[in-house]
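Okay, thanks for letting me have a few minutes.

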Amino acid sequence: CPAGNAIASVPNASCPQDFGQIQKIIFQRIFSSGTTKNSMKQADAKLLASWTALFSSTTGTKAVITPYVEAPTADGGDAITFGGGNDTVGGVTKVIGRNPVNMTFALRQIEQGIAKALKKLMCEIVGVYLVNGDGQIMGIGDSATTPNLYPIPINSLFVGDLRLNGLDTPDENALSFSFQPNWSDDAVVITPTDFNPLTDLANANA
């Protein structure tokens, strides 16, 4: 408020968009140092050489990738409401905000050294790039003349201890985090040109 002369413009739909199943997750600090954010040009994000440099880095730009993740689920992202009944006029609830989106995954049959290393990220200010089954990468974009790609900020990262599931179900570790409200407003999807991040990205030896 105050409102503009007209309501906001909305782009016309051109084709359906669906990211599909998340199969791997790339972690990187939000800031490489101080207040400098980690980013790369979107054109560079399509090239293996750009990611190879991040995975071999020994500075704040370093990136790491998970093994395959399974059972991805999302909740939240819904409205925060107030009122109803006699509290509000006509009993109509008021929408006063939106909840974060909570993501959960299963890391099944992994070496526990991987879980131990991922737990260390719980003390970091990190973001994620999401990799789908087609080898596409989702991050956050901007409107620069030469647009950049940033990791998606997350909160409440959690890596669970080993869950021993017996004969009928594989052992697993839980992995979860939350996206901030409005996280997807500037989400972009990059289609690599010379590599598949599912098979061509590997962590440097610790």
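This is a predicted model: local features need pLDDT of at least 70, side-chain atom pairs count only at pLDDT 80 or more; totals for chains, interfaces and linings use all residues.

Residues are numbered from 1 along each chain as its sequence is written, and side-chain values use heavy atoms, with hydrogens and water left out.

The C-alpha atoms fill a box of roughly 60 × 50 × 40 Å along the principal axes. Of the 206 residues, 33% are buried, and buried means under 20% relative accessible area, with exposed over 50% and partly exposed in between, using a 1.4 Å probe and protein chains only. Now take the contacts with a separation of 6 or more: 72% of them are between residues 24 or more positions apart.

Let's go to helix H1, residues 48-55. Which residues of H1 are buried? They're Ser50, Trp51, Leu54 and Phe55. They cover an arc of only 130° around the axis, so they sit on the same side of H1; that arc is taken over the directions from the helix axis to the C-beta atoms. The cover over them includes E1, E4 (40-41), E5 (63-65), E10 (126-132), E11 and E12 (148-150).

Two of those strands are worth a stop. In E1, residues 22-29, we find glutamine 23. Glutamine 23 counts as buried because its relative accessible area is 18%. Beyond four places in sequence, glutamine 23 touches Pro67, Tyr68, Val69, Val131, Asn132, Gly133 and Leu198. Then there's lysine 24, which lies over the face of tyrosine 68, 4.6 Å from the ring centre. The rule for that is NZ of Lys or CZ of Arg within 6 Å of the ring centre and within 35 degrees of the ring normal.

In E11, residues 137-141, have a look at isoleucine 140. Isoleucine 140 is buried too, at 14% relative accessibility. Leaving out neighbours within four places, the contacts of isoleucine 140 include Pro151, Ile152, Trp183 and Val188.

You describe a pair of aromatic rings by the distance of the centres and the angle of the planes. Here, rings of Phe, Tyr and Trp (its six-membered ring) pair if their centres lie within 6.5 Å; planes under 30 degrees apart are stacked, over 60 edge-to-face, and the rest tilted. How many aromatic pairs does that rule give? Four. One of them is phenylalanine 105 with phenylalanine 177, a tilted pair at 5.7 Å centre to centre and 35° between the planes. That pair links distant parts of the chain, 72 residues apart: phenylalanine 105 is in E9 (101-108) and phenylalanine 177 in E14 (172-179). Both residues are buried. Phenylalanine 177 also pairs edge-to-face with phenylalanine 179, at 5.4 Å and 65°. Phenylalanine 179 is buried as well, with a relative accessible area of 1%. Put together, ring pairs link Phe105, Phe177, Phe179 and Trp183 into a cluster.

That's my tour; over to you.

Key
Helices (H or I, at least four residues) and strands (E, at least two) are DSSP runs, numbered from the N terminus. Contact means heavy atoms within 4.5 Å.
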